[in-house]
Amino acid sequence: MAFKYQWKWAEDPSKLNKVELLKLNRDGLDILDDIERLAAAGHEALTDDDLQLLKWAGIYAQRPKEDGFFMMRIRVPSGVLNSRQAREVARISREYGRSLVDVTTRQCFQLHWVRIENCPEIFKRLAEVALYTYEACGDCPRNIVGNPLAGIDPHELIDTRPIVEAVQNAIWMNREFSNLPRKYKISISANIYNAAHAEINDLAFTPATKMIDGEEVVGFHVWVGGGLSSKPHMARQLDMFVRPEEVVKVAVGVTRVFRDYGYREKRHRARLKFLVADWGVEKFQEVLEGYIGKFPGRGEDKIVGWNAGYFTGVHRQKQEGLYYVGLSVPVGRMSADELEGLAELADKYGNGSLRTCNTQNILITHVPENKVEALLAEPLLKRITPFPKTFSGHAVSCTGIEFCNLALTETKERMRKIVAYLDERIPLDVPIRLHINGCPNSCGQQQIADIGLQGALVKTPEGMKEAFDIAIGGKLGPGATFNTKLKGRVPAVYVPYVLEALIAFYRDERQEGEDFHAFVRRVGVDAFQAKLDEVLAETVSG
Amino acid sequence: MAEAGWYLYRLEARLNDGRLVTVVVAAANEEKAFQYAESHLERDLVFRSHVAELSLVEKKSLHPGVGYAVVTAEV
């Protein structure tokens with residue numbers, strides 16, 4: 001309660017929502033002092049307030065809430081992980097989480113089936129390998145997304161690992177920032193292909209250079225106000241060039257602006273994106289400069305494209321003679337045995353280093369050239385493969401109705417079946433990124449997909465049936481745009497056939513070298529709408 | 001008062017004449033949400049036979065202040 005009365009917004013509580021009032025009386029991080037007591041009392045004794053604040057401990061009631069199980073999210077800043085950490089996550093999953101491990105779109109691990117009674121032991125074991133769940137959920141700085149290739153990337157301007165660590169040290173578990181108006185997402189990357197999805201974060205740093213005093217300086221540009229959820233916003237760039245050693249200062253400043261000026265009356269308008277949209281970037285920068293002083297104006301953007309966060313296959317590191325192997329984890333889900341197996345492979349063939357990706361995949365790094373072939377022959381790499389089929393290798397899925405209280409449809413297993421069907425029926429030589437989400441929120445980031453699927457339920461004479469809205473043409477990087485929803489909700493059972501027809505339309509009509517996004521831009525959404533109408537008339541009615 | 005385990009559901013009814021109607025109901029589960037939405041549609045607006053498709057598109061935990069903003073027409 002150290003800061004209870006110092007916050008400006010506490011002066012007029014009548015303007016605060018219920019969660020804000022709770023946070024004023026009990027900071028989210030206070031729950032960490034109560035974990036032992038709550039664990040001893042058991043699930044039945046948890047109050048609504050406890051459940052709300054347990055998000056700061058990184059756990060979230062899983063569906064159905066009354067059964068007493070939790071989802072547990074483990075932070076992995078920039079996706080950088082070692083085999084000892086991976087092995088411990090696997091063991092904890094096996095002992096307390098029914099051997100299920102998900103990789104998330106923010107490079108975290110998520111476990112399920114965790115009970116409050118086991119949390120003290122789990123937190124202790126995670127801390128022994130320097131992993132933490134704290135502030136992985138809640139109104140606070142979430143896991144910092146970064147370039148999973150940081151330090152080994154031939155396409156990065158600088159190694160961002162020390163910067164991510166410095167920002168994390170400055171703002172994570174810091175009571176100055178543990179009561180933000182809402183969740184707060186940071187991305188830091190110097191990869192020139194926008195590996196960390198800058199535009200969909202509250203705050204992002206992207207690679208840039210600037211001539212200063214006759215010398216080309218490598219640094220960053222700063223983006224604010226991005227985010228997805230049910231009202232997606234692209235982040236906007238400030239007129240500011242930041243040297244690497246000043247990233248922490250800017251990150252702290254932006255976080256203070258959000259803390260002090262972010263909206264706390266309505267939770268659905270509390271994300272930083274709403275403040276930035278209302279103020280505009282000029283005013284935002286003016287206020288920010290009041291906290292951190294003036295910075296040089298923007299320099300030259302160094303982002304030249306978007307790799308969408310995919311790294312499957314065998315690739316050279318910037319270190320001579322070393323390779324990283326990008327592995328596809330189907331819809332981001334693996335077993336504890338598989339994760340432990342990957343840790344063993346990282347030790348056997350590399351230097352024990354692994355990286356998680358924001359596409360729910362995983363990398364093994366530092367593999368010498370003479371060991372690559374043997375690694376590729378390992379049985380585990382038959383399923384967690386570096387050479388996935390086109391659709392299987394570019395599929396992202398939210399958790400879905402299996403565990404999420406707000407989901408309306410099942411997602412992961414459905415996506416697995418959809419991509420298996422498409423890979424069988426319509427082999428393609430270029431990737432088409434499919435994302436699926438079980439509700440209008442955006443854990444599966446459906447708005448940035450080439451083809452996004454959003455779940456709903458439809459009433460039919462046979463009862464409730466799952467159905468999906470289809471949106472096309474999303475992209476980040478240069479020319480970033482969210483995808484556009486087509487009219488016509490597709491019954492789940494027909495989704496594979498409808499997608500097959502839409503993708504065949506692209507395959508048959510594309511020009512040489514034209515990717516899916518460029519094709520959508522050229523032919524227009526109306527052409528896809530006409531195709532969808534035609535397919536629905538044939539398939540659903542026929 | 002918050003209702004433990006209840007949700008505020010948003011449904012969309014596409015009518016035979018092409019209009020789209022948004023229905024918001026509080027219910028304990030999806031099945032009930034559909035039932036309540038159909039009742040509201042029939043009581044306030046149209047016969048059941050006029051509804052071409054009824055879909056449940058979003059749910060939120062029920063507590064004071066929870067709601068939806070819905071676009072009804074271009075201004």
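Buried means under 20% relative accessible area. The model is predicted.

**Exercise 1.** Find which residues of helix α7 in chain A are buried, and what covers them.

*Solution.* 
Step 1. Locate the helix. α7 of chain A runs over residues 247-261 and has 15 residues. From first C-alpha to last, α7 reaches 21 Å, close to the 21 Å expected at 1.5 Å a residue.
Step 2. List the buried residues. Among them are A:Val247, A:Val250, A:Ala251, A:Val254, A:Phe258 and A:Arg259.
Step 3. Look for the cover. It includes helices α6, α8 and α9 of chain A, along with strands β8, β9 and β10 of chain A.

**Exercise 2.** Work out which parts of chain A the salt bridge between A:Glu338 and A:Arg383 ties together.

*Solution.* 
Step 1. Check the pair. The two side chains, A:Glu338 and A:Arg383, meet at 2.7 Å, N to O.
Step 2. Place each end. A:Glu338 lies in helix α10 and A:Arg383 in the loop between α11 and β17, so the bridge links parts 45 residues apart in sequence.
Step 3. A:Glu338 is buried at 13%, while A:Arg383 is partly exposed at 33%.

**Exercise 3.** Do likewise for A:Glu466 and A:Arg414.

*Solution.* 
Step 1. Their side chains form a salt bridge of 3.0 Å, N to O.
Step 2. A:Glu466 sits in strand β20 and A:Arg414 in helix α12, so the pair ties together parts 52 residues apart in sequence.
Step 3. With a relative accessible area of 19%, A:Glu466 is buried. A:Arg414, at 23%, is partly exposed.

Note on methods:
Residues are numbered from 1 along each chain as its sequence is written. Chains are lettered from A and ligands numbered from 1 in the order in which they are written. This is a predicted model: local features need pLDDT of at least 70, side-chain atom pairs count only at pLDDT 80 or more; totals for chains, interfaces and linings use all residues. Side-chain values use heavy atoms; hydrogens and water are left out. Helices (H or I, at least four residues) and strands (E, at least two) are DSSP runs, numbered from the N terminus. The expected span of a helix is 1.5 Å times one less than its number of residues. Buried means under 20% relative accessible area, exposed over 50%, partly exposed in between (1.4 Å probe, protein chains only). Contact means heavy atoms within 4.5 Å. A salt bridge is a side-chain nitrogen of Lys or Arg within 4 Å of a carboxyl oxygen of Asp or Glu.
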